[in-house]
Amino acid sequence: MILIFGLMLLLQTAACVERNCSFNQTDPCNTALGDKLKLEMVQETGKYNLTLQKTVNSSQDDPVCRIKGGKIKTSECDLYDKRSEVTYINGILIITNVIREDSGNYILKLHSSDGTESHKYLQVNVEAPIGSVEVSIICSSSGVMRASCSSEGDQLLYSWTLNGDPLMDGDSSIDLDEKTVGSISCSVKNHVSHMQKTIRVKLCPATFTTQNRSSLTSYTSIAFSIAGDTYRFCTFISVSGPDLFCKFDQSNPCYAALGDKLSLLMVQDAHNLELHLYKELLDSRELEVLKIKNNKEKTHESIRNRSEFIFENGTLIINRVIRADSGNYRLELYRSDGSRTFKKHLPVNIEAPIGSVEVSTSCSSNQRSVSCSSEGDQIIYSWTLNGEILEQGPMNGKTTSQLDEGTNGNISCSVKNHISHAQKTIRVKPCPALDWFCWFDQSDPCYAALGDNLNLLMVLDARKYDLIIKRINNTHNDPVCRIKNDRMRECDLYNNRPEVTVINGTLIIKRVNRADSGNYRLTVYNSDGTETFHGDLQVIVEAPIGSVEVSIICSSSGVMRVSCSSEGDQLLYSWTLNGDPLMDGNSSIDLDEETDGDISCSVKNHVSHTQKTIRVKPCPVSEVFVLVWCFQLMVLLGLLGGFHIYMRHTSADGSVGSVRRFSHLHETHVRKETGRSESANEKI
């Protein structure tokens with residue numbers, strides 16, 4: 001029965017986008033054409049009869065709708081012309097499918113039982129939401145590139161970004177320089193929706209072209225004199241292909257994409273010139289990358305197989321640039337007599353271009369987080385929500401931003417570096433709130449996740465009974481809530497929270513908070529005042545599990561420690577290694593340093609469960625440990641060598657002494673046999 005009841009509630013609450021407004025608000029109420037609109041009129045519905053009037057001509061003939069006893073009087077409601085999609089429940093007027101005629105200024109009149117009357121005002125604006133966005137580019141003969149943006153909807157506001165940088169807002173078209181390259185985005189929004197379209201902008205086809213090496217290029221030339229000699233620098237711009245051009249008279253560094261072609265423009269005509277191009281190294285040395293003398297070229301081996309020099313326009317072309325091509329370059333020009341006429345520096349930076357951008361979103365612990373990841377060098381990211389910039393800064397592979405759980409709209413992550421730009425936009429909807437169901441005759445505690453919906457089943461037919469819910473604090477003024485005819489009457493328990501309602505004998509708390517935890521008692525009375533039931537229920541609100549992070553530390557003592565961390569209340573940890581359970585209960589666990597395989601940390605509480613698995617490899621041998629071990633081995637070998645030398649020396653001394661003692665004994669024996677006495681020399 002409880003399961004069927006829960007499914008019925010879920011079916012009732014599913015479907016279209018809801019917009020909530022109140023007659024207490026000062027700002028206009030904006031709603032989208034075709035959406036559901038809930039107008040909160042009063043909280044204590046039993047105290048008032050209501051009259052809702054739409055101001056048209058400011059006369060008595062303006063359409064009205066009267067509400068008495070908590071019901072719309074259809075005979076006295078010409079405001080909605082008996083529209084079946086307009087209902088009134090617990091002080092809230094619900095329009096299931098709003099139309100343009102619902103726009104206008106409304107007056108709510110509250111008639112109390114003592115004859116007094118009060119007024120509230122609300123302006124309602126119904127707007128058509130944004131349709132698909134289209135962006136087009138037109139190049140004019142005057143050298144102007146015009147980007148235009150179009151969409152459907154009401155009260156449209158436009159904003160533009162180029163490679164992630166904001167441009168002028170407000171107009172549906174914008175003029176750009178003909179040399180503009182990158183990603184341009186048009187954001188369109190109104191009060192109820194937002195859409196965005198990004199396209200790639202390429203150079204306008206040049207009106208003045210010359211054929212050069214089978215590729216269509218356009219150029220401008222700059223001439224200047226140094227010490228009486230005229231030098232002409234050309235700026236070549238390729239209409240197609242990923243070629244990048246830099247010149248030695250530019251003030252900014254030269255950036256090129258890894259793997260692309262780089263053209264270094266030096267002079268217009270290199271014939272009969274002596275030219276030296278050096279690359280300065282970090283250790284104060286330098287290498288000569290290119291040398292031109294007597295119309296002959298000499299290139300360094302680092303670029304020899306992937307470069308070429310064009311004498312006609314003085315351009316060094318390096319194909320398939322690599323990171324090692326980055327550096328500070330110096331160009332020197334000499335006259336025929338050997339005197340130097342020109343010296344300029346140019347920093348060259350090679351960057352990996354931006355890869356694909358991935359944006360993901362997750363809900364946990366009453367927060368929504370969005371993550372953005374991409375590949376590339378020197379990445380700068382920026383977040384925009386419905387066209388408004390949230391945050392920006394440097395990114396190292398991935399960045400995460402925290403949003404309110406009720407965030408709704410289009411969120412974009414723009415990623416750029418000096419040579420490329422990419423963007424990804426996804427639709428963000430409010431975090432869904434799960435429904436938890438409990439009833440007052442259950443023996444176990446009632447658990448609910450922070451921010452979710454809690455349904456407390458009291459009775460199946462609330463019209464037959466009077467109900468009292470009390471929070472048990474063991475004081476004489478415990479807060480209570482009285483329910484009669486399936487409506488809340490006197491209720492200091494929930495302090496007039498609009499998200500707390502009673503429907504069909506079920507107390508529904510939307511977005512439970514920590515203050516909803518506690519011990520409750522329900523008492524049920526018959527119409528004659530006799531008590532028929534009372535039951536107690538313990539409600540526990542817990543924060544759900546957030547993301548789980550697992551880290552590994554290898555100690556010098558040969559122990560691998562794996563630690564697990566997460567957000568949430570009453571966390572319980574469990575571990576598995578290659579699918580086999582390990583010790584449970586602790587947020588960290590010690591393993592042998594040779595452990596290899598997949599280790600998983602599972603974190604759960606009464607309302608949620610999350611798991612993270614990482615690959616564990618044997619701890620690498622510590623360099624300090626190797627050095628200490630080598631030192632100990634050297635000391636041991638030294639001790640063994642010294643002991644060996646000592647033993648040899650001791651053994652040699654012992655052998656000489658033995659020979660001398662043997663000779664002395666032999667001489668003594670001979671003297672005894674012959675009767676000869678010991679001479680003075682023998683005594684020595």
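Guide: Let us begin with C481, which is buried, as its relative accessible area is 0%.

Visitor: What makes C481 count as buried?

Guide: Buried means under 20% relative accessible area, exposed means over 50%, and partly exposed lies in between, with a 1.4 Å probe and protein chains only. C481 has a relative accessible area of 0%, so C481 is buried. C491 has 17% relative accessibility and therefore also counts as buried.

Visitor: Where do such values come from, and what kind of model is this?

Guide: This is a predicted model, in which local features need pLDDT of at least 70 and side-chain atom pairs count only at pLDDT 80 or more, while totals for chains, interfaces and linings use all residues. Residues are numbered from 1 along each chain as its sequence is written, and side-chain values use heavy atoms, with hydrogens and water left out.

Visitor: Why are C481 and C491 called a disulfide?

Guide: A disulfide is a pair of cysteine sulfur atoms within 2.5 Å. The sulfur atoms of C481 and C491 are 2.3 Å apart, so the pair meets that definition. The torsion about their S-S bond is about -110 degrees, so this disulfide is left-handed. The pair links distant parts of the chain, with C481 in strand β42 (residues 480–484) and C491 in strand β43 (residues 487–491), ten residues apart. Strands (E, at least two residues) and helices (H or I, at least four) are DSSP runs, numbered from the N terminus.

Visitor: How many disulfides does the structure hold?

Guide: The structure holds eight disulfides, and among them is the one that joins C65 to C77, with an S to S distance of 2.1 Å. C65 lies in strand β5 (residues 64–68) and C77 in strand β6 (residues 71–77), so this pair ties together parts that are twelve residues apart in sequence. Both C65 and C77 are buried, and the torsion about their S-S bond is about -100 degrees, so the disulfide is left-handed.

Visitor: How do you know that β5 and β6 are paired?

Guide: Two strands pair if DSSP finds at least two bridges between them. Three bridges join β5 to β6, which run antiparallel, and C65 stands opposite C77 in β6. The two strands form a hairpin with two residues between them, and G69 in the turn has a positive phi of about 60 degrees.

Visitor: Which disulfide is right-handed, and why?

Guide: The torsion about the S-S bond of C246 and C254 is about 80 degrees, so that disulfide is right-handed. Their sulfur atoms are 2.0 Å apart. C246 is buried, with a relative accessible area of 4%, and C254 counts as buried at 0%.

Visitor: Why is L637 called exposed?

Guide: L637 has 53% relative accessibility, so L637 counts as exposed. L637 lies in helix α2 (residues 623–674).

Visitor: How much of the protein chain is buried, and how many helices and strands are there?

Guide: Buried residues make up 39% of the 684 residues in the protein chain, whose secondary structure comes to three helices and 54 strands. Contact means heavy atoms within 4.5 Å, and among contacts in the protein chain between residues at least 6 apart in sequence, 51% join residues at least 24 apart.
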